[in-house]
Amino acid sequence: MSELNELSAAELVARVQRRELSARDTVLTNIDRIDQIESWLHAWVLVDRDGALRAADDLDERAVRGEVLPLHGLPFGVKDIIDVEGLPTEAGFPPYRQRIARRDASIVARLRTLGAIPLGKTHTTQFAFSDPAPTVNPYDPARTPGGSSSGSGAAIGARSVPLALGTQTAGSVLRPAAYCGAVGFKPTFNWISRDGVLPLAWSLDHLGLLTQAAADAGLVYGALLDDPSATSALSGAPRIAFIEEFGERSEPEVASHLHDVRSRLADAGAEMIDIRLPFELDLLLAVHHLIMQVEVAEVHRAQVAELRESYGPAIPAEVDAGALIPAIYDQQARRLRGALGRQVDALFDSYDALLLPTASNVAPPRALGSTGDRTFQAPWSLLGTPAITLPTGFDTTGLPIGTQLIGRRGADAALLRLAAWAETSLGLIAPPVFA
Amino acid sequence: MQPAPESEPSAEEFARMLRRAAEERYGADRAQALDGRLQSTARWLALIAAAPLEFAADPPDRSGLEVER
C-alpha cells in the first residue's frame, strides 16, 4: 500500500468516491508512512490514530449507503495552533501542553463536513513566530523545513499526508512549502475563518493550505468555499508580470531557475512581461515588519509578563521592542498599507498574475537557527492578496526551489486556475527518496 | 502628494531614541540584548516616516476585510 501515500488529494478522493479505496485504507497508508519516517522528520506533534480510524470507518459506512462527500476520505494534518476538538493545542509552548480544545476550529469543522479526516497535529514554531520547531527538511535533514508551518510543510514534502493546514503572518505557509517541495496556498485575507486559531498578528494572520499539487489546493479551496470555478480550466493565454526586484535579490541559482520558469511559461503560451514595482520594495517590507512587531507585542504582552521563562527568546524580544514603537508611526504604516495596496491592485488591471521566486534562497542549514527568509512572502501577507507557491525545480544540491504567483485580492479561484495551468505546463518535481 | 516633513528622524536617530527608551524601561543589559532588533525597527521607522502621504487622504487599510466574497 506504500505507493498510495504519493497519490494526489484529487486522485485519492476520486478513488474513495468510486469505492476503489476505503477511507480506512487512506488513513492506514498515511499512518504507515508516518511510522516509517517520523523518528527523524519530527513533523507531527501527535497522530490521532484512533480518532482518524473512527472517522474513516464512519465515512466508509456512509459510502456504503451511497453518500459521497466532496473530500470523502481525505486525511489532513493540522498546524498546532489550530484547534481540533479533544486534542491539545500546544503551539510549541510547554504551558499549553494540557490545553485541550473543546471544539474544532471553523476550518476543521468545515473540512469534516466535507468528508476530510483530521489525522493529527503538525509542529509549529512557537506560536507561529520564529523560534524553530524540531522538524527537519525531508530533502536534507540538516536543513530547515522553513516556518512557521514547519510540520505541515515537511509532512506534505515527505508524502505522509495529502493535505495540511498552515497559517501565514509573514511567510509561514509559502516558505515551508517551497523549502519542502510542496504547494502552499494563502487565500485573500480573512476568506477562510480564523475562528479557533491562536492569533499572532490580527491584521496579518491568514489560514492556508499545503498540498502536493496546485490542482489539490483548488479542489480543497473550491469545496471549502463551495466555488467549483476554483478547479475549472484556464481560458485564454494568461498575462503574467515578472517582478524584477525579487529576481535581483535572489541567490544566483534561484534567479536562474526563475528565468527558466519564465521562459517555459512563455513557451507554453503565457505572455510574460518584466515589470518593476511602483514603489520601493524596502518600504513595503518596513510597513509589514513594523505592523507585525506592534501586533505581536500587543497579542503576547500580558502572557510574556506572566510566563516569560516558558517562552523561547524571539517573542519576548519582539514584545519588548514592539512596546517602544511610537503610535504615530504605526498609524502611518497602516495608511501606507492602504496606499501601497491600491497601487498593487492597479497592476491587476494589466496582468492576470505576478510572478516571483517564493524565497530568495533554498532551505538554509538548521544550524543557523533561522527558518529562512520571509521577505519574498511578507508583502502579500501585508496586502492580503492570494498567493501560491509551486515546486518547480531543484538547486544543484537537490534542494527544492519554489515559484510564487500572486493574484488580485478576491480573485482566488482565478489564481488557482492559473496555478493549475502553470503546474501542468512546468511539471511537478520528484518527491524525496529515503534510504 | 506632499513632501515628508524635513524634521523626521534618520535611522540612526531612531535607533538612539529606541535604545534610550529600552534602557529606561528594561535596563542596560536588556537594552543591549535587544540592540540588533531595535536597529532593524529603527530602519523601518525611518523609511515609514519619510514616505509621503496625501493630507487627509489614504485612510488606514483594513487588509482585505473590505474585499467581499
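Which backbone oxygen lies 2.8 Å from a polar atom of the side chain of Tyr139(A)? The answer is that of Ala430(A). Keep in mind that this is a predicted model, where local features need pLDDT of at least 70, side-chain atom pairs count only at pLDDT 80 or more, and totals for chains, interfaces and linings use all residues. Residues are numbered from 1 along each chain as its sequence is written, chains are lettered from A in the order in which they are written, and side-chain values use heavy atoms, without hydrogens and water.

Let's stay with Tyr139(A), which sits in the loop between E3 and helix H5 (150-157) of chain A. With 17% relative accessibility, Tyr139(A) counts as buried (under 20% relative accessible area, 1.4 Å probe, protein chains only). Leaving aside residues up to four places away in sequence, Tyr139(A) touches, among others, Cys180(A), Phe394(A), Pro400(A) and Ala430(A) (contact means heavy atoms within 4.5 Å).

Next, look at helix H4 (residues 106-113) of chain A, whose buried residues are Ile107(A), Val108(A) and Leu111(A). They lie on the same side of H4(A), because they cover an arc of only 100° around the axis (taken from the directions from the helix axis to the C-beta atoms). An α-helix has 3.6 residues a turn, so residues three or four places apart point the same way. The partners against which the buried residues of H4(A) pack include strand E2 (74-79), strand E3 (116-122) and helix H7 (214-224) of chain A. After H4(A) comes Gly115(A), with a positive phi near 100°.

Note on methods. Buried < 20%, exposed > 50% of the residue type's maximum accessible area, 1.4 Å probe, protein only. Helix = DSSP H or I, 4+ residues; strand = E, 2+ residues; numbered from the N terminus. Polar contact = N/O pair within 3.5 Å; in protein donor to acceptor, adjacent residues only side chain to side chain.
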